[in-house]
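Look through the model below before reading on. The paragraphs that follow take the helices, the sheet, the contact between the chains and the confidence scores in turn.

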Amino acid sequence: MNLDATGGSVLALLGENGAGKSTLVKILAGDYEADAGSIEIAGATHRSLDPVAARRQGIRMIFQELAAAPDLSVAENVMLGQLPSRRGFVSWRAVRSAAAKMLSELGVDLDLAAPVSSLRVAERQVVEIARALLGEARCLILDEPTAALSYLEVERLFAFLQRLRERGVAIIYITHRLDEVARVADRVHVLRDGASVLEGPAGAYGRAELVSAMVGKALGEVQRPAPREHTPATTLLRFEQAACQGAFANLDLEVGDGEVVGLYGRIGSGTAEVAEAAFGVRRLTSGRLEARAGGLGLHGPAQAIQAGIGFLPADRQRDGAFMIRSVAENLSAPSWSRLAAARLFIWSESEAAAYARWHDVLRIRSRNNPKQTIGTLSGGNQQKVLLGRWLESRSRVLVLVEPTRGVDVGARIEIYGSIRRLSEEGVGVLVVTSDHEEVVQLVDRAVVMSRGKITARLDGDEITVERLASAAEGLA
Amino acid sequence: MTDRDRGFSGLLRRLPEASALIVFLIAETIFFSVKSEFFLAWDNWLNILTAISVIGIIAAPGTLLLTAGQFDLSVGSVTAFTAVIMANLALSHDTSLAVAVAVAAAIGVGVINGFLVTVVGVNALITTLGTLAAFRGLSEVIAKGQTVGVEGFETLGTARPVWNIPVPVFVLIAVLIVVWVLMRYTVYGRAMYAIGSNPFAARLVGVRSRRFVFIGFVLSAAACALGGLVLTSQLSVGSPLFGTGMELSVITAIVLGGASLSGGRGSVVGTAVGLMIIGILNNGLTLTGVDPFWQNVARGALLIGAVSFDRLRARIGE
């Protein structure tokens with residue numbers, strides 16, 4: 001396995017989950033040791049690096065999960081780990097001036113005294129980058145930096161990477177979003193099963209080539225699902241002139257039986273809040289929400305589940321899974337009362353039976369042992385278990401938020417297949433996503449939001465990446 | 001069997017969580033039975049079980065709380081509070097009335113703990129640290145600092161219905177079984193594990209977390225009431241000093257039994273083994289003539305040793 005990063009250029013590193021991207025860059029950053037081979041930095045050869053040595057050599061890494069100290073100020077966070085001091089006492093004036101200098105070089109304007117917890121995600125990322133660039137940074141590694149950024153923030157990040165490139169920094173950019181490769185990278189490098197399978201100038205390869213290199217088989221371009229003759233007979237979920245203070249307003253949205261509706265918008269457009277309101281996590285400040293049998297409004301998730309609604313949260317680890325509990329428990333959690341005898345006593349056999357019912361239907365790749373801890377499964381398979389939750393609880397409406405975030409291409413297609421099959425059986429699905437390819441590949445009709453308002457309703461062949469993108473920017 | 005499962009570290013990883021403790025329990029038993037000829041006698045086993053009965057009655061619902069990620073540090077004070085109210089009321093009123101009022105008062109403390117943690121949202125550690133101090137003080141106030149004798153209430157603590165086994169041991173076993181069933185075979189128990197392993201996710205699968213945690217605190221207080229009555233009956237007195245420092249023993253037993261301090265893991269069977277380890281250690285040290293002051297040192301070292309071993313095992317497992 002060989003990898004070259006040249007100063008003043010951006011190298012995009014692609015691959016499915018588990019292809020070896022993270023291991024590779026962690027060897028560079030000194031977290032792991034290579035079994036064989038060497039690392040050459042500016043002419044000097046190293047057998048292995050530890051984190052301190054990697055830092056001294058000018059290698060900096062920005063992790064997916066931002067690791068700032070949230071209660072400390074912006075200035076302290078920028079200078080963290082190398083606070084200027086005199087005789088053991090921190091010189092606060094030097095801290096502020098050095099941090100201010102760094103941030104202005106990067107062309108950003110942040111309040112130095114503000115605690116980092118008060119910043120938006122993109123601003124926190126800038127703080128991380130500023131810290132990383134202190135001293136002699138030769139090589140900057142970014143691991144999926146745009147996963148949590150809004151459209152404008154992504155633009156700002158790209159402009160910012162451009163400036164770093166001009167300063168002669170070598171940038172290694174790990175991403176799942178293929179549309180970003182052409183935008184930002186000079187060269188591209190694809191990994192599969194720990195081996196390098198494609199390498200070359202970024203402009204030379206199209207999307208289809210990159211995908212087939214990643215998964216090892218041709219999956220082709222983004223395609224619409226086969227059109228289906230189906231008119232919903234009943235409305236399962238309906239928002240009428242609904243509003244939620246500071247998130248969305250004047251919202252009319254309905255999901256009927258047997259249809260997959262996409263709610264598309266950039267992060268911060270209000271789509272996430274609509275999803276939460278549909279599941280009773282968030283209360284409407286005005287308007288109506290009707291769930292199933294004409295019931296008005298929802299007070300909390302427990303009621304939503306009783307009304308036949310299932311909910312897949314965007315952040316699987318934080319809001320979805322019980323990571324240290326078994327797959328069977330994770331899958332049967334919302335159905336416990338129904339599985340229990342006299343709504344009270346539950347046997348692990350009935351949980352295991354529930355798991356067995358959905359294991360093959362959802363093509364969960366596991367040891368098929370209901371006692372296996374869910375944390376030991378890959379992201380895609382965890383997501384399948386969490387989807388199984390709502391099949392077991394016989395939900396009539398599914399609200400799926402970012403159902404394939406952090407899921408590799410193969411598992412993604414299986415999840416799409418499951419969702420389509422469910423809708424054919426009469427389940428109404430609302431897919432809330434910020435991934436336009438997901439909308440194109442999955443939904444029957446799409447509703448696009450921008451800044452808390454619906455900007456477009458698209459049907460059938462109108463659903464294209466271009467239409468979605470322009471509507472999401474509020475251009476309708 | 002994969003490569004990872006072979007060899008010594010593989011063996012360690014495949015052991016069930018409680019087995020290391022059981023090995024320790026057996027080693028401890030063998031050690032003291034060699035050191036003291038009285039150790040293995042039936043009467044000595046009854047001494048050990050009687051000595052851990054009150055702590056065990058309280059540790060059982062404590063295990064349930066800890067799997068939901070919650071603590072109850074006020075257990076010792078609630079025990080004393082119950083005993084003092086019972087003893088003082090029994091001076092002038094019917095015993096059954098005194099018992100009823102004392103139990104109701106203890107459950108009232110559980111309601112306060114539960115209310116502060118689930119409705120007001122105060123951290124459980126802080127809440128129960130506060131009630132620990134307040135109700136120890138209130139017990140002193142009610143008893144005016146005095147130990148009060150109780151007559152005609154000996155049966156619960158001292159009767160020995162079969163094989164010379166005292167009633168508190170039966171009470172302990174009954175409480176352990178009830179909580180075991182609760183944790184293993186009820187929706188409530190499942191929900192408590194879920195709350196402890198991920199409170200956000202628990203809410204999103206429809207678990208009514210606040211209600212369930214509230215019930216957990218009430219159950220803990222009810223167990224303290226039972227423990228307080230057993231102590232009062234055993235000693236024929238109610239004292240405001242009952243259960244001083246008991247929270248340490250209770251938490252030691254639970255954590256020795258494999259419960260995670262951050263919630264989501266734990267079992268009553270583990271706690272029962274943890275209780276036995278503590279009981280045998282205290283008893284064995286007494287029998288072999290070790291200065292009682294050393295017993296606290298031994299218990300502290302045991303707690304740290306057991307948890308360190310567990311951490312090492314987890315790291316090998318990674």
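A crossing of two helices counts as right-handed if the near helix is turned clockwise from the far one by less than a right angle, and as left-handed if anticlockwise. In this predicted model, H5(B) passes H6(B) in a right-handed crossing. The two helices are H5, residues 95-120 of chain B, and H6, residues 124-143 of chain B, and their axes come within 9 Å and cross at roughly 150°. Angles over 145 degrees count as roughly antiparallel, and H5(B) and H6(B) are therefore roughly antiparallel to each other.

Which residues make this contact? From H5(B) come Val109(B), Ile112(B), Asn113(B), Leu116(B) and Val117(B). H6(B) answers with Ala124(B), Thr127(B), Thr128(B), Thr131(B) and Phe135(B). Sorted by class, the contact of H5(B) with H6(B) has six nonpolar and four polar residues, and no charged ones.

Chain A holds an open sheet of six strands with mixed pairing, in the order E4-E7-E8-E1-E9-E10. Its edge strands are E4 (59-62) and E10 (195-201) of chain A, each of which pairs on one side only. With direction ignored, neighbouring strands of this sheet are turned by 15° against each other on average. Within the sheet, strand E1 (residues 10-14) of chain A pairs with strand E9 (residues 187-192) of chain A in the parallel sense, over four bridges. Helix H8 (residues 207-215) of chain A lies across E1, E9 and E10 of chain A, and runs at about 30° to E9(A).

The next topic is where the chains meet. The contact takes 24 residues from chain A and 17 residues from chain B. On the side of chain B that touches chain A, the elements giving two or more residues are helix H9 (187-197) and helix H10 (199-204) of chain B. H9(B) supplies the largest share of that side, five residues. By class, the residues of the side of chain B that touches chain A are eight nonpolar, five polar and four charged.

The predictor gives the complex an ipTM of 0.79 and a pTM of 0.77. Chain B averages a pLDDT of 87, and 92% of its residues score at least 70. Over residues 1-6 of chain B, however, the pLDDT is below 50, and this stretch has four contacts in the model beyond near neighbours in sequence. Where pLDDT is low, the predicted coordinates should not be read in detail.

Definitions and conventions: Residues numbered from 1 in each chain as written. Chains lettered and ligands numbered in written order. Predicted model: local features only at pLDDT ≥ 70, side-chain atom pairs only at ≥ 80, totals over all residues. Contact = placed C-beta atoms within 7 Å. Nonpolar A, V, L, I, M, F, W, Y, C, P; charged D, E, K, R; others polar. pLDDT = per-residue confidence, 0-100. Pairing = 2+ DSSP bridges. Axes fitted to C-alpha atoms, helices over the stretch in contact; angles between N-to-C directions. Parallel < 35°, antiparallel > 145°, perpendicular 65-115°, else oblique.
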